Amino acid sequence: MKFRIYRYNPDADTEPSMQEFDVDAPRGTMLRDALLMIKEQDETFAFRHSCGEGVCGSDGVNVNGQNRLACITPVADLKEPVEVRPFPGRPVIRDLVVDMTQFYQQYRAIKPWLIRNDPLPEQETLQSPAERDQLDGLYECILCGCCSTSCPSFWWNPDKFHGPQALLTAWRFLADSRDQATDERLDALEGPYKLFRCHTIMNCVEACPKGLNPTKAIGHIKNLMLKHSV
Amino acid sequence: MPLNKRRFDALIIGAGGAGLNAAIQLANADARVAVVSKVFPTRSHTVAAQGGVNAALANVLPDSWHWHMFDTVKGSDYLGDQDAIEFMCREAIPTVYELEHNGVPFSRLDNGKIYQRAFGGQSQNFGGDQAARTCAAADRTGHAILHTLYQQNLRARTHFFDEYFAIELVTDDEGAVLGALVMEIETGEALLIEAKVTLLATGGCGQVYRTTSNAHINTGDGMAMALRAGVPLQDMEFFQFHPTGIAGKGMLITEGVRGEGGFLVNKDGERFMERYAPNAKDLASRDVVSRAIVTEVKEGRGCGPQGDHVLLQIHHVGEEIVAKRLPGIRESARIFAGVDPVEEPIPVFPTAHYVMGGIPTDRYGRVVIPARHGPEEAVPGLYAAGECACVSVHGANRLGGNSLLDILVFGRAAGLDVISYLRDNANHRPMNTASVDKAMAAFQRFDQGGEGISVAELRNEFRKCMEDHAGVFRVQDVMDDGVEKIKQLRERLDDVRLKDQSRVFNTARVEAFELVNMIDVGMAIALSAARRQESRGAHSRPDHPDRDDKNWLKHSLYFKQDDTLDYKPVRTKPLTVESFPPKARVY
């Protein structure tokens with residue numbers, strides 16, 4: 001199979017280029033396997049990866065124009081030559097490795113931890129299965145960044161707009177029956193940027209390798225905010 | 001150029017469950033704590049744990065920590081230390097409640113309590129009916145726990161060094177640990193982190209085998225650093241092969257599939273586990289089930305055109321249960337095996353999964369080695385917790401659901417003990433230049449370019465060698481052969497050359513360091529295995545088929561210097577209850 005890979009090494013190159021590779025890809029080959037074969041051909045090629053099964057979220061890349069996780073993307077489904085680039089909109093460190101600092105900052109900014117003011121019970125805090133079901137489709141996020149780095153609003157304002165990932169997590173805590181910081185969380189989302197830069201373009205939904213729906217989560221937050229303000 | 005330096009009270013290497021649970025204790029106690037991780041914390045391999053964490057909450061069936069303790073001792077084939085096991089099983093209960101309070105989205109029962117499922121090797125009433133002890137967040141429990149622990153560390157404002165690779169521990173002449181030399185992967189620059197205490201929480205080493213459920217990052221870095229600092233590794237011959245990896249690929253299919261009612265069949269459609277474990281059947285201990293699968297395949301009852309695997313069937317429980325309790329497995333089976341478990345069985349075969357052995361510690365996480373005053377003297381300033389450590393609670397075979405428990409309980413215990421250590425050791429010890437120079441030499445090991453062997457070539461050979469010579473069944477001459485081959489591979493490390501001599505995010509350099517670590521750890525596994533003349537737990541020898549308590553109820557200690565082995569007694573006395581004496585182990 002033919003691959004065209006984005007290459008840039010700040011130690012050696014003045015500007016990025018695309019490099020072609022040929023890879024034998026037997027049935028069942030995932031894109032990560034192909035990238036590993038390319039690395040065996042050329043050890044200077046750099047990309048992040050780890051678990052190989054779509055749970056650690058390390059190997060998000062842009063493939064034929066779409067953000068995907070390499071380890072769960074079968075190459076058989078891809079049009080040749082397969083063009084692999086780093087996530088769009090992020091500073092490139094080297095080859096497919098990008099700087100995700102702002103993405104993580106936005107995650108931290110929404111206070112992604114459970115806040116409870118009541119004294120702790122001796123056993124577990126009770127939660128009905130129906131209440132727990134509210135977290136399905138939210139807690140499974142693996143922080144790969146496929147969504148936020150495919151979002152035009154995040155491209156423009158990565159310092160001010162939380163982006164789909166952080167907002168999905170914001171809703172994960174707002175939706176948790178155990179969390180007691182609803183007012184505080186909603187107040188923190190006020191203003192023209194943090195939440196409201198979402199223009200429901202829905203690239204995030206398309207990009208999420210775990211099938212999650214950040215746009216829907218953002219809609220829930222907006223609804224709650226509306227109720228909150230009246 | 002002068003070496004960059006930072007100073008902290010405590011340095012934690014590794015940001016999985018053990019490292020992060022220790023870090024929270026320290027950050028909450030206002031200690032200055034640095035967590036160094038070669039990947040962003042939520043990429044750590046705790047994230048991949050599926051089935052759950054054991055605790056005798058008795059939410060579904062009657063249970064007690066004492067029954068949990070019995071099962072763990074029996075599961076360990078009596079090699080586990082019973083004081084540590086009692087401690088872990090008691091602590092399990094508050095540990096799971098604490099996780100829940102911290103936000104872990106556990107699955108729930110109708111009464112609002114945490115959902116618990118059946119797992120292998122669990123019983124009620126000391127060997128009676130099947131228990132339901134494994135607390136689960138669907139089949140993504142590790143993910144749910146790791147993300148929650150990271151979130152709590154963000155709240156506590158722990159200092160993270162993300163994508164820093166630890167090269168070597170720095171020690172003084174008394175053997176005290178003074179911190180570590182690390183490399184910032186993004187710049188390729190060295191950094192010396194001085195700390196009053198260093199905690200190794202670097203996880204497992206499954207990458208030493210060719211077919212493994214373990215991630216690319218599980219290369220035994222902490223264990224190898226400890227070895228090179230003169231610390232032995234304990235019980236490394238005990239390596240768990242998980243019965244149900246996706247055939248030919250190795251990705252994990254949780255024991256929870258069998259816990260939810262799934263079972264294994266051979267090519268004749270026979271539920272063969274009934275022959276190997278008449279009572280527990282498919283929920284026998286992992287070592288037992290793995291051996292049964294390999295035996296079925298060897299004796300010609302394997303499935304598929306090559307007859308090289310067996311089938312794991314779950315579709316009879318119905319789509320609703322699979323969708324609710326095993327959604328991640330369904331996704332993995334579809335992607336990697338091309339089957340929907342709601343309709344078809346999953347092809348499975350044992351996959352290298354977990355190392356029971358590791359850096360010897362006591363139940364406070366202190367690293368203990370044989371020294372002047374007996375076999376277990378604490379190394380000043382060094383702690384270890386999680387899969388890289390050996391407390392030992394798993395002995396010769398770990399029970400499913402006890403590994404998340406181990407990392408959480410002993411990560412926390414280590415964190416708390418470090419706090420008191422810091423009270424008694426308020427100052428940094430003087431830095432030892434000779435040790436820093438030695439660490440710098442290790443850091444510069446691959447700076448010489450030119451022609452040589454590539455990392456990939458040597459790594460492929462090594463992982464194949466481990467698979468062939470230290471697998472599920474082991475005989476003397478094959479193991480001895482393996483040891484010789486690993487010695488040769490270790491010598492050839494000197495001929496490895498990196499074509500890529502650049503600095504910025506040089507993953508080839510990281511992989512070269514990892515290969516050095518894997519070979520050090522691989523030798524510990526192979527040599528400890530070749531010396532143990534009995535079958536116990538995961539160490540199974542057709543040429544010595546029986547357990548030999550008279551000669552071998554003892555822990556192995558492998559030292560890197562001159563490749564020597566020593567032994568120390570098992571701690572058979574629990575903290576408060578009667579000891580469980582060794583018995584025949586049947587399921």
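This is a predicted model: local features need pLDDT of at least 70, side-chain atom pairs count only at pLDDT 80 or more; totals for chains, interfaces and linings use all residues.
## Interface of chains A and B

The size of an interface is often given as the accessible area lost when the parts come together. Here chain A and chain B bury about 4800 Å² between them. Carbon and sulfur atoms account for 52% of that area. In residue terms, 58 residues of chain A touch 60 residues of chain B.

Three glutamates stand out on the chain A side. E43(A), E53(A) and E124(A) supply 14% of the area that chain A buries against chain B.

## Salt bridges

Over all chains, the search finds 69 salt bridges. Six salt bridges cross the interface of chain A and chain B.

One salt bridge pairs R94(A) with D500(B). Their closest N and O atoms are 2.8 Å apart. Another pairs K324(B) with D133(A), at 2.7 Å from N to O. K324(B) sits in helix α9 (residues 319–325) of chain B, and D133(A) sits in helix α3 (residues 129–133) of chain A, so this pair joins two chains.

## Helices α13 and α14 of chain B

Two packed helices are described by the angle between their axes and the distance between the axes. Take helix α13 (residues 455–469) of chain B and helix α14 (residues 476–492) of chain B. Their axes come within 9 Å and cross at roughly 165°. An angle over 145 degrees counts as roughly antiparallel, and α13(B) and α14(B) are therefore roughly antiparallel to each other. The crossing of α13(B) and α14(B) is left-handed.

On the α13(B) side, the contact uses E457(B), L458(B), E461(B), F462(B), C465(B), M466(B), D468(B) and H469(B). On the α14(B) side, it uses V478(B), M479(B), D481(B), G482(B), K485(B), I486(B), L489(B) and R492(B). The contact residues of α13(B) and α14(B) split into eight nonpolar, two polar and six charged.

## Helices α1 and α4 of chain B

Helix α1 (residues 17–28) of chain B packs with helix α4 (residues 141–155) of chain B. The axes come within 9 Å and cross at roughly 25°. Angles under 35 degrees count as roughly parallel, so α1(B) and α4(B) are roughly parallel to each other. Their crossing is left-handed.

From α1(B), the contact draws on G17(B), L20(B), N21(B), A23(B), I24(B) and N28(B). From α4(B), it draws on L146(B), L149(B), Y150(B), Q152(B), N153(B) and R155(B). By class, the contact of α1(B) with α4(B) has six nonpolar, five polar and one charged residues.

## Helices α5 and α8 of chain A

In chain A, the axes of helix α5 (residues 163–174) and helix α8 (residues 214–229) come within 8 Å. They cross at roughly 55°. That makes α5(A) oblique to α8(A). The crossing of α5(A) and α8(A) is left-handed.

P164(A), L167(A), L168(A), A170(A), W171(A) and L174(A) form the α5(A) side of the contact. They meet P214(A), A217(A), I218(A), H220(A), I221(A) and L224(A) in α8(A). Eleven residues of the α5(A) and α8(A) contact are nonpolar, one is polar and none is charged.

## Backbone features

Chain A has a cis peptide bond from E80(A) to P81(A), with omega near -10°. P81(A) lies in the loop between β4 (66–69) and β5 (82–85) of chain A.

In chain B, a cis peptide bond joins V391(B) and S392(B), with omega about 5°. S392(B) lies in the loop between β18 (389–390) and α11 (402–424) of chain B. F126(B) has a positive phi, near 60°, and is a residue other than glycine. F126(B) is placed in the loop between β4 (116–117) and β5 (134–135) of chain B.

Definitions and conventions
Residues are numbered from 1 along each chain as its sequence is written. Chains are lettered from A and ligands numbered from 1 in the order in which they are written. Side-chain values use heavy atoms; hydrogens and water are left out. Axes are lines fitted to C-alpha atoms, for helices over the stretch in contact, and angles run from 0 to 180 degrees between N-to-C directions. Helices (H or I, at least four residues) and strands (E, at least two) are DSSP runs, numbered from the N terminus. Angles under 35 degrees count as roughly parallel, over 145 as roughly antiparallel, 65 to 115 as roughly perpendicular and the rest as oblique. A crossing is left-handed if the near helix is turned anticlockwise from the far one by less than a right angle, and right-handed if clockwise. Contact means heavy atoms within 4.5 Å. Ala, Val, Leu, Ile, Met, Phe, Trp, Tyr, Cys and Pro count as nonpolar, Asp, Glu, Lys and Arg as charged, and the others, Gly among them, as polar. Buried area is the accessible area (1.4 Å probe) that two parts lose on being put together, summed over both. A salt bridge is a side-chain nitrogen of Lys or Arg within 4 Å of a carboxyl oxygen of Asp or Glu.
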